Amino acid sequence: MINKTVKNAQEAVADIPSNCMLMMGGFGLSGIPENCIKALLEKEISGLTIVSNNAGVDDFGIGLLLKKRMVKKMISSYVGENAEFERQLLNGELEVDLIPQGTLAERVRAGGAGIPAFFTPAGVGTEVAEGKEVREFDGKLYLMERWLRADFSIVKAWKGDTAGNLIFKGTARNFNPIMAAAGKICIAEVEELVPAGELDPNQVHTPGIYVQRIFQGVDYEKRIEHRTISK
Amino acid sequence: MLTKEQIAQRIAKEVKNGQYINLGIGIPTLVANYIPKHLDVVLQSENGLLGIGPFPTEDQVDPDLINAGKQTITMVPGSAIFNSAESFAMIRGGHVHLTILGAMEVSENGDIANWKIPGKMVKGMGGAMDLVASAKNIIVAMQHCSKDGQSKLLPECSLPITGIKCVKKIVSDLAVLEIAPEGGFILKERAPGVSVEEIKSKTAGKLIIYGEIPEMTFD
């Protein structure tokens, strides 16, 4: 088996340059690549375009990259949890593309699957449709949307093996598997890294073919955004 | 006038056995508390789960298990987890039977606006545009009027819209209304103590009234 292992997050992100396009898995703060975000913070790069469903919170996740002014543009579906984001956006320091969540997911999936464009009903008749081809199929209107691909995709999984096969846990899966396939180079950080052969192939969510680098992360905080308890 | 809980309670009466349902954030989330126990339904969370259970106890909390509102949740037996593309594939593919969501405005032809207020910070549409473009049945939970008394049931939406001609039914704090196929709000039920006249005066769009309008009942 091809061995995809790198030592740690620093090594995994070492060649990520300024002004490139990154995808980052996660929904809210669940399933985000905490180790790689920390390692990126140590680098002197800027001008990043980040595709991620959300933009973290002020002091965690992508919010940390925003605070250090490393991000030029966010491509997201919902960014409402971050005051620094709002400040930069209103001051014109940050660009944002807001995309319906299902369209965002399908654009990423299409990118990884080699489908350059597709038609979706989401956004027909709204400002999302501005400048896009609208076509009727079987009596209903659809918008043409393009694929999304990135220079690097950074994902977080529960378990992985040295061949890059990944297994996710709970709703921390979210955008991670589709982003793995849509990056020219996919970096996977996992809570537990095992030798190839130890994961049951029947249980693998993301086949190792999509993953170029893998390492076992450390010190996962897994911060909870809204801790809601049954009364 | 209905409280938020009563709006949720009234909407829960629309739920049918065997349905897969997506509940939006806010009042729609409360609907789960009122779905009759004898119905077998499955709640979908667009971040990738079929089978949302109750909120966890302290020792059940799992940061890897949240709903689309980023709240901690549990799973019911028989749940399934999937990625975001698959989640919206089942939504756009028409496999989710019922979508319940909030709205800032609804027009008499069923357009909905619920994602953006010009001049205010825009947070994004999340999954709302995909949901309203695809669901077979969309029920909206909303306040009938804004805080300064302006009707939110309009001839046309004034805010940027989320989807066109998609809303089927509205449960507001004043009434239950259906969107007529040819346009207009058909008044079906009044909130307890609310008169038809009051609903008329607070509905800016075309209101259609057939015969006597019953008062809502709560079990």
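Which element gives the largest share of the lining of the second largest pocket? That share, five residues, comes from E4(B).

This is a predicted model, in which local features need pLDDT of at least 70, side-chain atom pairs count only at pLDDT 80 or more, and totals for chains, interfaces and linings use all residues. Residues are numbered from 1 along each chain as its sequence is written, chains are lettered from A and ligands numbered from 1 in the order in which they are written, and side-chain values use heavy atoms, with hydrogens and water left out.

**The pocket**

The second largest pocket holds about 860 Å³ of space. Of its 37 lining residues, Leu23(B), Ala32(B), Leu43(B), Ile52(B) and Gly53(B) are the closest to its centre. A pocket is an open set of points on a 1 Å grid over the protein atoms alone, where a 1.4 Å probe fits, with protein on both sides within 12 Å along at least five of seven lines; lining residues have an atom within 4 Å of a point. The volume is the space filled by probe spheres set on the points, which are joined across faces, edges and corners.

Strand E1 (20-23), helix H2 (27-31), strand E2 (42-45), strand E3 (49-52) and strand E4 (75-81) of chain B each supply at least two lining residues. Helices (H or I, at least four residues) and strands (E, at least two) are DSSP runs, numbered from the N terminus.

**The interface**

Chain B puts 46 residues in contact (heavy atoms within 4.5 Å) with 49 residues of chain A. About 3900 Å² is buried between the two chains, and carbon and sulfur atoms give 61% of that area. Buried area is the accessible area (1.4 Å probe) that two parts lose on being put together, summed over both. Asp64(B), Lys70(B) and Met121(B) supply 20% of what chain B buries against chain A, more than any other three residues.

**Salt bridges**

Side chains of opposite charge can pair when their charged atoms come close. A salt bridge is a side-chain nitrogen of Lys or Arg within 4 Å of a carboxyl oxygen of Asp or Glu. Seven salt bridges cross the interface of chain B and chain A.

| Salt bridge | N to O distance |
|---|---|
| Asp64(B) and Lys222(A) | 2.6 Å |
| Arg213(A) and Asp15(A) | 2.8 Å |

The pair Arg213(A) and Asp15(A) links distant parts of the chain, 198 residues apart. Arg213(A) is in strand E11 (residues 213-216) of chain A. Asp15(A) is in the loop between helix H1 (9-13) and strand E1 (21-24) of chain A.
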